[in-house]
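Visitor: I am new to this structure and would like to learn how to read it. Please show me the model and take me through some of its features.

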Amino acid sequence: MEKVIPGTLREIDRLIPDALRVAFGIRHRASLPPDPGQHDEVAAFAAALLPPRADDPMECDDIVVVAEEPRGGGDLRMTFESCYLPDHDEDSHFLHADTNVMGVADGVGGYRGTGVDASAFSCALMYNAFEELAAAAPGTHVCPRTLLERAYGKTVASRTPTASTAVIVSLAGRTLKWAYVGDSGFAVFRDGRLLRRSQAQQFYFNCPFQLNSASNSTSVSEAAVGEVPVKEGDVVVVGTDGLFDNVSDGEMERIVGMGTAMGFSPKNMADVIAGFAYETARCSYRDTPYSVLSRKETGSTFTGGKPDDITVIVAFVV
C-alpha cells in the first residue's frame with residue numbers, strides 16, 4: 001500500500017496501512033512487530049479507529065438503512081477526488097464539479113485476446129458523458145440515466161468496439177441520483193454507517209450486464225436507477241468491480257468511519273480505500289466478496305481476492 005499511495009501517507013498518519021492490515025487480517029506488515037510484552041502501537045491504533053462491528057457482512061445487496069430524513073434547505077454540492085490503480089488499464093472515469101456529476105466505466109476484459117483495445121468503449125463512454133456536461137450551464141441538475149443514454153448513443157454512433165459497465169452519479173439539489181449498468185457501483189455513508197449501496201447486475205457469476213455497439217447489447221433502459229435524499233456530511237464512494245470485488249461493505253464502512261474521524265480529505269480517503277483494495281486483491285488466504293460469491297454461485301473452493309483495475313471516487317456532500 002505504501003507504494004501506491006505515497007502522497008497521501010505523507011499527509012496522514014504513518015500507522016494507517018499497518019493498522020488496516022492488522023484490523024482486517026492481512027498478514028503482511030511493513031513495520032516490524034513489537035517484541036513479546038512490548039506495546040503494539042499499530043494494534044492499539046487499529047483498535048481505537050477501526051473497531052470491529054458485529055454486523056460485518058461480506059455480501060450486501062441493495063441496502064437501505066432507515067435513517068434520519070435530511071431537513072430542507074438550499075442546494076448541496078459535492079467535493080470529490082479519485083484514485084486509479086491500473087492492472088490492465090481498462091477503467092475510465094470523470095469528475096465534473098460544476099454539475100456535481102461523477103462517472104466510472106470498466107472495459108470488459110473478455111475482449112483482451114481479440115486484438116482490440118478492451119478499454120475503447122469505457123474510455124469513449126466517459127469522454128462523451130463529460131463532453132455533454134461541459135456544454136451544460138454550471139448548476140444544471142443532471143439526470144444520470146439521460147446522460148448515460150446520450151453518451152452511449154454517441155459511443156455507438158462512432159462504432160466503438162468492445163464493451164463496458166458504467167455508473168453515473170449526480171447530486172441535484174439535495175438528492176443523490178444514479179444510473180448504472182453491470183457491476184460498477186456506489187455506496188453512500190452517513191455518520192460512518194452504510195446508508196445505501198448498489199447491487200451488481202450480472203447474467204451469471206463474473207459476467208456483468210454490459211453496454212456495447214452490438215444489436216444484442218444490454219440497453220440503457222435496463223440500467224438500475226434511483227435516488228436518495230442526502231445531507232451535509234454524507235460520503236459517497238463510487239467504483240469499479242476492482243473495488244467492490246475486494247472490499248466488503250463492513251470493511252469499507254470502517255475505513256470511511258476512520259477517515260471521517262481523522263479528517264481525511266476526499267483524496268486521502270480515495271487513496272486509502274483503493275490501496276486497501278489493491279492489497280486484498282492479492283491476498284490468497286482471506287475471503288473477499290469475490291471469493292464468497294464464487295463459492296456460492298459456482299461451488300468452487302476459491303479463497304482470496306481478484307486482481308483488477310481499481311477505480312475509486314470519494315465525494316463529500318457539503
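This is a predicted model: local features need pLDDT of at least 70, side-chain atom pairs count only at pLDDT 80 or more; totals for chains, interfaces and linings use all residues.

Visitor: How do I read a nonpolar core, and how many residues has the largest one?

Guide: In soluble globular proteins, nonpolar side chains tend to be buried together. A nonpolar core is a set of buried Ala, Val, Leu, Ile, Met, Phe, Trp, Tyr and Cys residues joined through side-chain atoms within 4.5 Å. Buried means under 20% relative accessible area, exposed over 50%, and partly exposed in between (1.4 Å probe, protein chains only). Here the largest nonpolar core has 41 residues, and Leu20, Val237, Leu243, Val272, Ile273, Val312 and Val314 have the most contacts inside it. Helix 8 (residues 266-281) supplies the largest share of this core, seven residues. A second, separate core has 22 residues, including Val169, Phe186, Val188 and Val230.

Visitor: What is a helix here, and which residues of helix 3 are buried?

Guide: Helices (H or I, at least four residues) and strands (E, at least two) are DSSP runs, numbered from the N terminus. In helix 3 (residues 41-49), the buried residues are Val42, Phe45 and Ala46. Seen down the axis of helix 3, they fall within an arc of 100°, so they line one face of the helix. The arc is that of the directions from the helix axis to the C-beta atoms. Ala47 and Ala48 are exposed, on the face of helix 3 turned away from its buried side.

Visitor: What covers the buried residues of helix 3?

Guide: The cover includes helix 2 (16-24) and helix 7 (249-262). At the start of helix 3, a side-chain oxygen of Asp40 comes to within 3.2 Å of the backbone nitrogen of Val42.

Visitor: How do I read a pair of strands, and which strands does strand 7 pair with?

Guide: Two strands pair if DSSP finds at least two bridges between them. Strand 7 (residues 185-190) pairs with strand 13 (residues 235-239) in the antiparallel sense over five bridges. Four bridges join strand 7 to strand 8 (residues 193-197), also running antiparallel. Phe189 has Val235 as its bridge partner in strand 13 and stands opposite Leu194 in strand 8. Strands 7 and 8 form a hairpin with two residues between them, and Asp191 in the turn has a positive phi of about 55°.

Visitor: Why is strand 7 largely enclosed by the rest of the structure?

Guide: Six of the six residues of strand 7 are buried, so the strand is largely enclosed. Gly185, Ala187 and Phe189 point one way from strand 7, and Phe186, Val188 and Arg190 point the other way.

Visitor: How do I read contacts, and which residues does Phe316 touch?

Guide: Contact means heavy atoms within 4.5 Å. Not counting residues up to four places away in sequence, Phe316 touches Arg77, Met78, Thr79, Asp234, Val235, Phe264, Ser265, Pro266 and Met269. Phe316 is found in strand 14 (residues 310-317), and counts as buried at 18% relative accessibility. The C-alpha atoms of Phe316 and Met78 are separated by 5.4 Å, though the two residues are 238 apart along the chain.

Visitor: Is Arg21 buried or exposed?

Guide: Arg21 is buried, with a relative accessible area of 1%. Its place is in helix 2. Leaving aside neighbours within four places in sequence, Arg21 is in contact with Met1, Glu2, Ile26, His28, Arg29, Ala30 and Glu279.

Visitor: How do I read disulfides, and how many are there?

Guide: A disulfide is a covalent bond between the sulfur atoms of two cysteines. The rule used is a pair of cysteine sulfur atoms within 2.5 Å. By this rule the count comes to zero disulfides. For Cys123, the nearest cysteine sulfur is that of Cys83, 17 Å away. Cys123 is partly exposed, with a relative accessible area of 33%, and Cys207 is buried, with a relative accessible area of 17%.

How values were computed: Residues are numbered from 1 along each chain as its sequence is written. Side-chain values use heavy atoms; hydrogens and water are left out. A polar contact is a pair of N or O atoms within 3.5 Å; within protein, one must be able to donate a hydrogen and the other to accept it, and residues adjacent in sequence count only if both atoms are side-chain atoms.
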